[in-house]
Every structure is written in C-alpha cells, then in structure tokens.
Amino acid sequence: MGSLFRSEEMALCQLFLQSEAAYACVSELGELGLVQFRDLNPDVNAFQRKFVNEVRRCDEMERKLRYLEKEIKKDGIPMLDTGESPEAPQPREMIDLEATFEKLENELREVNQNAEALKRNFLELTELKHILRKTQVFFDEEGGLNHTTESMTRALITDEVRTAGASMGPVQLGFVAGVILREKLPAFERMLWRACRGNVFLRQAMIESPLEDPTNGDQVYKSVFIIFFQGDQLKTRVKKICEGFRATLYPCPEAPADRREMAMGVMTRIEDLNTVLGQTQDHRHRVLVAAAKNLKNWFVKVRKIKAIYHTLNLFNLDVTQKCLIAECWVPLLDIETIQLALRRGTERSGSSVPPILNRMQTFENPPTYNRTNKFTKAFQALIDAYGVASYREMNPAPYTIITFPFLFAVMFGDLGHGAIMALFGLWMIRKEKGLAAQKTDNEIWNIFFAGRYIIFLMGAFSMYTGLIYNDIFSKSLNIFGSHWHLSYNKSTVWNNNFLQLSPATSDYEGTPYPFGLDPIWQVATSNKIVFQNAYKMKISIIFGVLHMIFGVIMSWHNHTYFRNRLSLIYEFIPQLVFLLVLFFYMVLLMFIKWNRYEATNAFPMTEACAPSILITFIDMVLFKESKAPGKDCNVYMFWGQSFFQTVFVLIALACIPVMLLGKPIKIMQARKLANEEVQPITGGSSDAEVGGMSNGGGGGHHDEEEMSEIFIHQGIHTIEYVLGSVSHTASYLRLWALSLAHAQLAEVLWTMVLSLGLNKEGWLGGIFLTVVFAFWAVLTVGILVLMEGLSAFLHTLRLHWVEFQSKFYMGQGYAFAPFSFDSIIENGSAAAGETE
C-alpha cells in the first residue's frame, strides 16, 4: 500500500546467467515485466553486438509476416485474434518458423505472379474482343472496307494534288487499331491532328464496362480507336504517338470473315482464362485463410524472440565466454518473484547452473516505479505528464483521484450534463473488455477510453455539485419545497423581468433549503447572478486555499522522509505560517461574515453593515485603517481584529527573510565548520561532510553548488512562493468563472433554442418541438458537455500541476521502463529492448 503514496523502493542488481540458460531466463523475465536492464555496452555499435544476426533474422521474419498481413487485408479475410499471448519460442524453433514463412511467401508470390500474368493476358484478350466488335461497327457504318478506303482516299488527298491534276492510281489506306485510357483520348486526338497535319482519320468508341489493371487491381475506363492513314511515313508517326500515350495496339484483319474468326477464337480463350483465373484465386484464398488463423500468434512469437535478443545484446560476456552478466533495476518487494522466474527459465533450458542475482550498492538515482491498476493508471498518467516523480517522492496521484474530479465538478456543476458524462464513462467501464479487444488507431477514442474512470468520476461529482447548485439543464428541482413564500401573482412573475428576492422581508421563512440552493432563485432574474457570484466566488477561494495548504503539508512528508532538516525548518514552517496567517485568515473572515451578518439581524449586524472581505484584506496588508460600510456600522467583525491583523502581517513579513536566508546561511556555516575540522588533517577543505546538514539524500543537491548559486536559487524559490501564493489564490477564481459561464451557456441554450419549441401548440408544435429538441440535444452534447467539459478538464489540470504540485512536487525523476512483452506487443515492435 505504501507504493501508492510513494514510489517503490528499487534495487540495482547484478545478474549472472549461463549462456545456454540466458534466452529462457530473459523470456521468463519478459513475461514478468518487472526488470529494467541497463546497457553494459554503450560504446559498441548495434551492428557489432553478439546477437545481431539473430535480430536480423527476426527482422526478415517480421517483413515476411507484414507481407502476408498486407495480402490478407487486401482480400478482406478476418484474422483470428484469441487475445492469448503464446510463450516465446525456443531458439531451435526459429528455424521451423523461418521455413514456414519462407514457404508461404514463395508460394504466395508465385501465385500472385501467375495471377498477374493471367490477368494481363485476360486484359489483352478483353481489349482485343472490344476492338473486333467496335471496328466491325466502324466498317459496317461505311458500307464495307473498300467503300471506306475509297472515301478515305478522297478525303485525304490534298488540295495541291487536285490543283496539279496529277494522274493517280488507286490508293490503299492503312489503319491501326488499339485501346487507350479514356482521360487521355482528347490530348491524343489533338496530338494526332497536329503531328500528322490533319492527314489521318480517327474513329473512337467507349468501352462501357471498366477493366481491371493487373498491376494494382484498379478499375480503369478505356476507349477503342482506329486510325486511317496513307503511307509508311504517317504509319511510323502514328505508332510513335500511340507509344507515347501508352496506347495498346492490336492486330485487326481487314476482311470481315477474318475478324469474325478471330473474335470466336478470342472468346474461346477468354472462357478458358476465366476458368484458370478462378482456380488460381481459390488457391490463393485457401493459402491466405490458413495463414490468417496463425498470423497474430506468429507476430507475437517473432516480436518476443526479437525483444529477447535485443535484451541479450545489452549483456556482457565474461572472460570464459560461458556466462552472461547483466545489470538491472528491480523493485525491492519483487526480488523473490524474479528469482522464481529465473529458476523456471533455468529448468526450461535444462541447465544445471543456477542463475545468480546479487544486489549492488550504488549512488545513482533509481528509476521511479508507481504500481498501478486499471483504475489508478489514468490518474498516474496525469501526474507523469507534468513530470515523473523523483525517486521516493510523495506521489500526488492517490489524492488526485478525489481532488481532480471534485474541482472539475465545481466548474461543471450540472446534474443533467454530469449524468451524460457519467453514463458515457460507465458504458466504457462496463464494456471495457470488448472495447479493449477492438484495437483502433483513432487517437481521440483511445484517449477517451484510457480515461474512462476519470470521465465517470468527473460525471458523478458533477451530478453532486449540480444538486448543490440545484441546476439541471439550467433549471431547478423542487424536491423539498421552497422556503420562500412570495406574494407575487402569476402575471407579475410572467411579465416582470426584474424580480428580486430579499431575505429581509417576510417572504423568507428564515430557514435554509435542506440541500443546495433554493429553487426559487431560478425566477429571481434580477439578483440571481449577484447571489450566485458571491457564493461561488467565496467557495472558490476556500477550496483553493485549502488545496494549497494541503500541498504545503505534503512537502512536510517529503522533508521528513529524506531527513532534510534544513528544508523542514527554513522552508516548510515559514511557508505554512505565511499561508495560514494571510490566506487562511481570509477564509476565516468569510465564515465569520456568514455567521455574524444576516439580513434580519438586529442593527448594526445587518447585511448593509457587512464589510467587504477583499477591502479588509487589502487594508490589512497595507496597514490601513478600514472604513465602515455605513454611518453607524462597525468597522470590524470581532473584538481585537485590528491587533490580530497587524500581528499576522508582521509574522508573514518575518517569514520571508527566513525562507530567503535561513537555509543558505546554515549551509554556509556547516561548510565553514567542516573546513575547519578537515584542514588540520588534510590542509584542504571538503564538502562531503555537509551532506547530512543539507538534504540527507533526496531533498536537494547543494553539496557541490557554489554559495552564490545557493543564494540565487533560494531567492528565486522564495520570490516564486510569495508572489505565487497571491497569484495561485487568484487562479482558483477560475472555479467561479467557469461555473458561472457553464450555467449561463446552459440557460442561453434553453432560452434561445428549446423554449421556442415548448411555446408552440398543436400537432405542428409537436413536430417543431421534435426538430428543436434534436438541435438542442446536439448543441448540449457538442458544446456544453464536450467543449465545456474539455475546457474545465484543462483548467483543473492546470490547478493541480501549477497551484497544487508546485508546493511539494519536484518531478525530476525518470520512469521505470521494465522489459515487458506486454508493452512490446502493445506497441507493435521490439523497440523496448532496442538500443540506439
């Protein structure tokens, strides 16, 4: 239980493993996930380490598995995921895995190559089929090839020839036919016209159905064309243009009988190809289905093997080359569990030499390890995002479990909105096993799911504060009956926009509403905001001051644990006193004012005579005499207030030089004393003896600092604390501001949207109300729950990071990163064991 409030005690251990048992032992430690190995070969290149060949083999196996995965996904075949994690295979099983993957890859590549060749052949035959059909139409429209040739000849004879009157014999036109992508056809036609100067004749027709590209499987649209020309020179030019536009040319007989005969042969070959293609696809599908059943397990096995060899590359070989030496950080409470895992690994490998785990003495800072579960993990992540705690420093996470959702709820207090958030979080909690199994790359969803317990608690606490504020979708609940009895009639309430509530009148019974705010304040449109402002502003300051005092008290636990007597006396005590005599006193004034001044009290304790807390506090700090709120009013709220306030300010001022100079002067005196004691013996000086006076091993590191740096550091720390106490107290007013903004936004949304539908009557009003309610619901969830919830979440995060944790939390440690198969598989790689 201690590790919940403070990080686990860690031990640096040296591990001796026999070479034959090292693989199995590391495999057991990976399943356990409690050991962080150190790199004992930091200067050795990654390509020169002992097990680099095994890592390369794993990389090659992983590449083949990714190829299989891509092909399986391409065919839409579901991959079996049992959720179980198989054990890491033995080194001898690597050969079997490699052979299996090699066989599958070669078979699949051969099938794909054959299928691609068949599809290419099928495409060519299909294009030829369309060419024979379309060209037959062209020739039929012209009345036969001879007629076409004669007409085309007349069309292509130039005017110069006609003018010259040269005698010409019968001219035979040539033609080519092919297929081109439809989008290239306009440019293709323009290029033919310009390059051949209009001496060619082009006919084209679209192929209605799309054709499959054999290289990438895309569906493309093409068109058939036929080009008539005269002479070999134009023929060469036309073919070059076709080649440039990647048009495919096909042979097309001139005689109709030859074309019909070729078409019949093409149809026969297409039918045969369809049969062969179907068999090929069936065989490919069977291979992929068989691979899909084991692919997930294969990935897990390969990544575990790779992670083990990456980890073994961190070890050192002893001089006999028969033993591997490792250094690792382990939690002190888990040493026995780790030793049991090492024994299991030794037994699995069949080795007779037991592993040796020795604890080492070290002055290094150990890693920080906070043991978490699925509930506390999200809250710990919020703390670690600010900075990982220093070793054995107080952990704010367990306190954040309560304070974080509560401060959020103060800003987000609404019973309806809180219920929406709580139900969403509860749904994710109830369905967490199924939702966790559906792994997705959607970062937004992953963030929501990881924080499901935070969302649920924020919603539940918001429901509580919503009841306190008596606010549900900007309306109130009248559970116990109002304690006000107004003498207004119905017309006054409906028509007067400036109604006020005054507790000084007989309208108020004199007893408060049993729980939360009285629902009558909902109709007090004139002074409702004034009343709620005063209420929420004061509770924001109260919660803020208590939160900061709690943060200062947490620093006491750190100082006492690390035996940092100087920080305890010259930092914790003056800081706490400074906060109590100024800001906690201001909180006490609020309670005194609430207790002594009422609207119905006898004069001069009426509400009009109640002094302003803010003005009283400012006059107190400036040593000014406060002015009475009224002519016959008392300046002070209790006897001796002026004297106590003067004493409190003097005490607060006295705390500042103590914080500023106390610790550096004591360190300087301790160093001087240490130098005087060491000088007669060594003739020099040493700072090693001052460690016990400074921090005792954890609070700060002043032994090697210059005195000027210590004074500067302490001055910055003091100024930051004194000024920060003022600014941090004011910062908690965001609780009031966001609460007010949230309530006003909800009221605006109700007034300007939903009330429009509620005012309509009849069946048309019902339809209109349905539409308006849907619009209101979308805006409520999108703006008031999501956007306002995110805003309140970020402000709450800031209050914890800056205003609370700055009082005691250093956050200068580094996280414990154990060698764990679970985290490696979750990240999809063996990077956890890899060295840069």
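This is a predicted model: local features need pLDDT of at least 70, side-chain atom pairs count only at pLDDT 80 or more; totals for chains, interfaces and linings use all residues.

Q: OK, helix α9. What should its 37 residues span, and what do the ends give?
A: At 1.5 Å a residue, helix α9 (residues 256-292) should span 54 Å. Its end C-alpha atoms are 52 Å apart, which agrees.

Q: Which residues of α9 are buried?
A: The buried ones are R259, V266, I270, L273, L277, T280, R284, V287, L288, A291 and A292.

Q: Switching to voids. How many cavities of 30 Å³ or more are there?
A: The count is three.

Q: How much space is in the largest cavity?
A: About 150 Å³.

Q: And what lines the largest cavity?
A: The lining has 16 residues. Y469, D471, Q522, K528 and Q532 lie nearest the centre of that cavity.

Q: Which helices supply at least two residues each to that lining?
A: α19 (528-561) and α25 (734-758) do.

Q: How does the lining of the largest cavity split by class?
A: Five residues are nonpolar, six are polar and five are charged.

Q: Now aromatics. How many aromatic pairs are there?
A: The count comes to 42 aromatic pairs.

Q: Take W484 and W521. What is their ring geometry?
A: The ring centres of W484 and W521 are 5.9 Å apart and the planes are at 75 degrees, so the pair is edge-to-face. The cut-off for that class is over 60 degrees.

Q: Where do W484 and W521 lie along the chain?
A: W484 lies in the loop between α17 (452-469) and α18 (490-495). W521 lies in the loop between α18 and α19. The pair therefore ties together parts that are 37 residues apart in sequence.

Q: Are W484 and W521 buried or exposed?
A: W484 is buried, and W521 is buried too.

Q: What about the rings of W750 and W776?
A: Their centres are 6.2 Å apart and their planes are at 90 degrees, so this pair is edge-to-face. It links distant parts of the chain, with W750 in helix α25 and W776 in helix α26 (residues 762-804), 26 residues apart.

Q: Buried or exposed for W750 and W776?
A: Both W750 and W776 are buried.

Q: Which residues form an aromatic cluster?
A: One cluster is made of F5, Y386, Y399, F550, W801, F804, F808 and Y809.

Q: What about charges over rings? Where does R6 sit?
A: R6 lies over the face of Y561, at 4.2 Å from the ring centre. Another case is K50, whose charged end sits over the ring of F51, 5.6 Å from its centre.

Q: Backbone next. What is the phi of R246?
A: Phi of R246 is near 55 degrees, a positive value in a residue other than glycine. R246 is in the loop between α8 (232-244) and β8 (248-250).

Q: Is R246 buried or exposed? And N470, buried or exposed?
A: R246 is exposed, with a relative accessible area of 70%. N470 is at 6%, so it counts as buried; the cut-off is under 20%.

Q: Last topic, contacts across the sequence. How far apart are F122 and D272?
A: They are 150 residues apart in sequence and 9.8 Å apart in space, C-alpha to C-alpha. F122 is in helix α4 (residues 93-141) and is partly exposed, at 25% relative accessible area.

Q: And what separates G451 from T376?
A: They are 75 residues apart along the chain, and their C-alpha atoms are separated by 10.0 Å. G451 sits in the loop between α16 (443-450) and α17. G451 is buried, with a relative accessible area of 12%.

Q: How about A46 and E803?
A: Those are 757 residues apart in sequence and 45 Å apart in space, C-alpha to C-alpha. A46 is in the loop between β2 (36-37) and α3 (52-74). A46 is partly exposed, at 35%.

Methods
Residues are numbered from 1 along each chain as its sequence is written. Side-chain values use heavy atoms; hydrogens and water are left out. Helices (H or I, at least four residues) and strands (E, at least two) are DSSP runs, numbered from the N terminus. The expected span of a helix is 1.5 Å times one less than its number of residues. Buried means under 20% relative accessible area, exposed over 50%, partly exposed in between (1.4 Å probe, protein chains only). On a 1 Å grid over the protein atoms alone, a cavity is a set of points where a 1.4 Å probe fits but cannot get out, and a pocket is an open set with protein on both sides within 12 Å along at least five of seven lines; lining residues have an atom within 4 Å of a point. Grid points are joined across faces, edges and corners, and a volume is the space filled by probe spheres set on the points. Ala, Val, Leu, Ile, Met, Phe, Trp, Tyr, Cys and Pro count as nonpolar, Asp, Glu, Lys and Arg as charged, and the others, Gly among them, as polar. Rings of Phe, Tyr and Trp (its six-membered ring) pair if their centres lie within 6.5 Å; planes under 30 degrees apart count as stacked, over 60 as edge-to-face and the rest as tilted. A charge sits over a ring if NZ of Lys or CZ of Arg is within 6 Å of the ring centre and within 35 degrees of the ring normal.
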